[in-house]
Amino acid sequence: MTTASEKNEDQLHSRSLERDDAALVKACRRGDQSAWEELVDRYQRLVFAIPRRAGLPESEAADILQETFLTLFQKLDELEKPGKIRSWLVTTAKFKTWGVVRSEKGHHAPATEQEMELEMASLEDGSPLVEEALVTLEEQHLVRTALKKLEERCKTILSMIYLTEPSKTYAEVAEAIGVGATSISPLRARCLKKLEKILST
Amino acid sequence: MVESSDKRIERILRLMQTDDSVDAPADSIKWSKDLFRTRQKQPSAVERIKAALKIDIAPGTAVFGERSGTAEARQMLFEAGDRAVDLRIKPEAEGYTVQGQALGEGFENFTATMAAIVVSSNEQGEFAFEGIKSGTYDLSLNNGDEEIVIEGIEIS
């Protein structure tokens, strides 16, 4: 047995949290409930954001989220590329959203996936469902995921400086984490570098 | 063209600051999670291998392979065909922690089941259960193709 098994539970836990998408899908196929829950937790916000961006109310967006995970559940054993589950979820949520948007305009939903693809390819640039807008949502998902992997101190520093409105001053951040105010600027830069590194791996 | 680090950080910050997404409603998340409980177990073509106990070292005795020092945990080694399973059982304030590792090529990404608890292995083939109460349990390690079964592990 390697000494790794003697490391503390947190390390085992964090390693388990970092299971990649392919490993999660494979674990789901073996009936691992915790892997399924991890998958739902990992992607619920991204999936929910797609119908919301398209202007659907919360209740309809929630229905689309549920339908998307139901479809995943039904097709779990057929997915050819388990490592591409993020793209699969985005595409599925996009199609379901487009189906609702379209029917609300009085049109029937397209009969086939190809028909749907053709319609979506003709969406105007400003549409929240064009590829570019969805790529931004996926990138935001990746940044959120990377932020979660940072140590607590970095999370606090970056959140206080960049994610609170109004942004906190260096003095306020320094007080919150118990260091001198002059340390904040280099710490901030180091945390951003760490975030960049996580995103590049 | 390769994006410079500064530009990349700028882009990351822009993505962070424009991210107005929110969590889906809690009941929808719960529904999506609970859905999986209805999944039928697939009919199995999994090869089942019974493991046999080879070494069982009680806590407080000399650590296997070391000249000095005693183990806090009970250590057990099982053989299962070409593979082996190393188990360490340690009493905690509440119940026992059972940590283990599957040893041998090609047995990875498995789920371990004990006392109706299912956990996934990490990249090193390690797994851990916490809060296991005294009793006799079967342990199963299943990677989808093979299942290693250890029957009747007494935890007390």
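Reading chains A and B

From the N terminus on, chain B runs α-α-β-β-β-β-β-β-β-β-β-β, that is, two helices and 10 strands. Helices (H or I, at least four residues) and strands (E, at least two) are DSSP runs, numbered from the N terminus. The model is predicted, so local features need pLDDT of at least 70 and side-chain atom pairs count only at pLDDT 80 or more, while totals for chains, interfaces and linings use all residues. Residues are numbered from 1 along each chain as its sequence is written, chains are lettered from A in the order in which they are written, and side-chain values use heavy atoms, without hydrogens and water.

Chain B has 156 residues, of which 44% count as buried; buried means under 20% relative accessible area, with a 1.4 Å probe and protein chains only. The chain exposes about 9,100 Å², with 48% of it supplied by carbon and sulfur atoms; these areas come from the Shrake-Rupley method with a 1.4 Å probe. Among contacts (heavy atoms within 4.5 Å) in chain B with a separation of 6 or more, 43% join residues 24 or more positions apart.

In chain A, helix α5 covers residues 85-104 and spans 29 Å from its first C-alpha to its last, close to the 28 Å expected (1.5 Å times one less than its number of residues). Its buried residues include A:Leu89, A:Phe95 and A:Trp98.

A:Arg144 lies in helix α7 (residues 131-149) of chain A. This arginine counts as buried because its relative accessible area is 14%. Beyond its neighbours within four places in sequence, A:Arg144 contacts A:Arg45 and A:Leu46, as well as B:Asp19 and B:Ser21.

Notes
Buried < 20%, exposed > 50% of the residue type's maximum accessible area, 1.4 Å probe, protein only.
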